[in-house]
Amino acid sequence: MLVNQTVKQFVDSVASDAPAPGGGSVSALAGALAAGLVAMVCNLTIGRPKFAEAEGELKQLLDRSSTLQAELLKLVDQDAESFNQVMAAYRLPKEADEDKLKRSTAIQTATKSAAAVPLKVAGNCFDLLKMIPVLTEKGNPNAITDIGVAARMAEAGLQGAVYNVLINLGSLKDETFVAEAKALSDKYITESREIAAKTHPVSYTHLRAHE
């Protein structure tokens, strides 16, 4: 499993001439790291009298971010596996008409999975981004840079995942799935930009205040 590798092993795997793990797995890992930072900020805030009023809300964020972290780590491997399934489908026999039909069906099934996995990554990263305004307002201000990094990592994971969704939709025949995936992707991208526009200036303001 990719997630059981050391950091160096994983980076070396990405850097190799093997097509997987690639951008999809890296996007999922970016989201998992963002979730870890969100959890860290919650842990640095919860239990401190100064932030007692926000403790209940931050405990909820902590629970949710921990769940998202676990899910995103699973998706690191699932993305690589889905890509390998697509490649395996393309290698199926295609001489006889029956073989061609089986191969075509297998390609469609595998490609849909290869789009569905990063769509889950994008959705999880979007959920993380929605936590950023609360952390910015109510989290420990000493961790403001960690909040900023969490936001950027979640945004990068989301955008990278959407790239992988869209590249796979082009060869799918399931029009309903394609339309729904495109609509969700558009929603995630549009709304994540709105969140980023609101949170980045706040983080920057906090940083300038320490000068």
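Colleague: Which residues in H2 meet residues in H6?

Modeller: Gly23, Gly24, Ser27, Ala30, Gly31, Leu33, Ala34, Leu37, Val38, Met40 and Val41 in H2 meet residues of H6, among them Asp146, Met153, Gly157 and Asn164. Contact means heavy atoms within 4.5 Å. Helices are DSSP runs (H or I, at least four residues), numbered from the N terminus. This is a predicted model, in which local features need pLDDT of at least 70, side-chain atom pairs count only at pLDDT 80 or more, and totals for chains, interfaces and linings use all residues. Residues are numbered from 1 along each chain as its sequence is written, and side-chain values use heavy atoms, with hydrogens and water left out.

Colleague: What describes two packed helices?

Modeller: The angle between their axes and the distance between the axes describe them. Axes are lines fitted to C-alpha atoms, for helices over the stretch in contact, and angles run from 0 to 180 degrees between N-to-C directions. The axes of H2 (residues 23-45) and H6 come within 8 Å and cross at roughly 155 degrees. H2 and H6 are therefore roughly antiparallel to each other (angles over 145 degrees).

Colleague: At what angle do the axes of H4 and H6 cross?

Modeller: The axes of H4 (residues 97-129) and H6 (residues 144-169) cross at roughly 160 degrees and come within 8 Å. That makes H4 roughly antiparallel to H6.

How values were computed. Helices (H or I, at least four residues) and strands (E, at least two) are DSSP runs, numbered from the N terminus. Angles under 35 degrees count as roughly parallel, over 145 as roughly antiparallel, 65 to 115 as roughly perpendicular and the rest as oblique.
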